Amino acid sequence: MDQIIILDGNVVGLVSDNGAARWDFDSIEDAAELYRLLVLSVDIEDRIAESCEKSID
């Protein structure tokens with residue numbers, strides 16, 4: 001599943017095949033932390049999918 005993660009000032013957005021979400025924060029640091037966590041989670045999902053594909057082959 002393709003996902004787009006957006007960090008724009010104090011706002012984080014996530015758009016995927018299943019819909020979209022938006023989070024507004026009082027501080028840019030909090031927004032950046034959520035952005036970092038979302039990017040890490042997508043990276044982990046990709047690595048798991050690659051590992052599963054390799055084990056099937």
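Biologist: Happy to start with the strands: through how many residues does a hairpin join β2 to β3?

Modeller: Through 2 residues. Before we go on, this is a predicted model, in which local features need pLDDT of at least 70 and side-chain atom pairs count only at pLDDT 80 or more, while totals for chains, interfaces and linings use all residues. Residues are numbered from 1 along each chain as its sequence is written, and side-chain values use heavy atoms, with hydrogens and water left out.

Biologist: How do you know that β2 and β3 pair?

Modeller: Two strands pair if DSSP finds at least two bridges between them. Strand β3 (residues 19–24) and β2 are linked by 6 bridges, in the antiparallel sense, so they pair by that definition. Within this pairing, Gly 13 stands opposite Arg 22 in β3. The strands themselves are DSSP runs of E with at least two residues, helices are runs of H or I with at least four, and both are numbered from the N terminus.

Biologist: What joins β1 to β2, and in which sense do they run?

Modeller: Again there are 6 bridges, and β1 and β2 run antiparallel. Ile 5 stands opposite Leu 14 in β2, and the bridge partner of Asp 8 in β2 is Val 11. The hairpin of β1 and β2 has 2 residues between the strands, and Gly 9 takes a positive phi near 65° there.

Biologist: Which residues make up the largest nonpolar core?

Modeller: It has 6 residues in all: Ile 5, Val 12, Leu 14, Ala 31, Leu 38 and Val 42. β2 (11–16) and α1 (28–56) each supply at least two residues of this core, and the largest share, 3 residues, comes from α1. The term stands for a set of buried Ala, Val, Leu, Ile, Met, Phe, Trp, Tyr and Cys residues joined through side-chain atoms within 4.5 Å.

Biologist: Why is Gln 3 called partly exposed?

Modeller: Its relative accessible area is 28%. Buried means under 20%, exposed over 50%, and partly exposed in between (1.4 Å probe, protein chains only). Gln 3 therefore falls in the middle class. Gln 3 lies in strand β1 (residues 3–8).

Biologist: What does Gln 3 touch, leaving aside residues up to four places away in sequence?

Modeller: Gln 3 touches Leu 14, Val 15, Ser 16, Val 42 and Glu 45; a contact means heavy atoms within 4.5 Å.

Biologist: What makes the nonpolar patch on the surface?

Modeller: Ile 4, Ile 6 and Val 15 form it, with about 250 Å² of accessible area together. Patch residues have over 30% relative accessible area and no salt bridge; like charges are joined within 9 Å, and nonpolar side chains (Val, Leu, Ile, Met, Phe, Trp, Tyr) within 5 Å. The areas come from the Shrake-Rupley method with a 1.4 Å probe, and for residues only the protein chains shown count as cover. Ile 6, in strand β1, has 41% relative accessibility and so counts as partly exposed.

Biologist: How many salt bridges does a search of the whole structure find?

Modeller: The search finds 3. The term needs a side-chain nitrogen of Lys or Arg within 4 Å of a carboxyl oxygen of Asp or Glu.

Biologist: How do you know that Asp 24 and Arg 22 meet in a salt bridge?

Modeller: Their N to O distance is 3.2 Å, so the pair meets the 4 Å limit. Asp 24 counts as exposed at 52% relative accessibility, and Arg 22 is exposed too, at 58%.

Biologist: What about Glu 33, which residue is its salt-bridge partner?

Modeller: Glu 33 pairs with Arg 36, the closest N and O atoms being 2.8 Å apart. Both lie in helix α1, 3 residues apart, about one turn of the helix. Glu 33 is partly exposed at 36%, and so is Arg 36 at 41%.

Biologist: And which residue forms a salt bridge with Asp 43?

Modeller: Arg 47 does, with the closest N and O atoms 3.2 Å apart. Being 4 residues apart in helix α1, Asp 43 and Arg 47 are separated by about one helical turn. Asp 43 counts as partly exposed at 31%, whereas Arg 47 is exposed at 55%.
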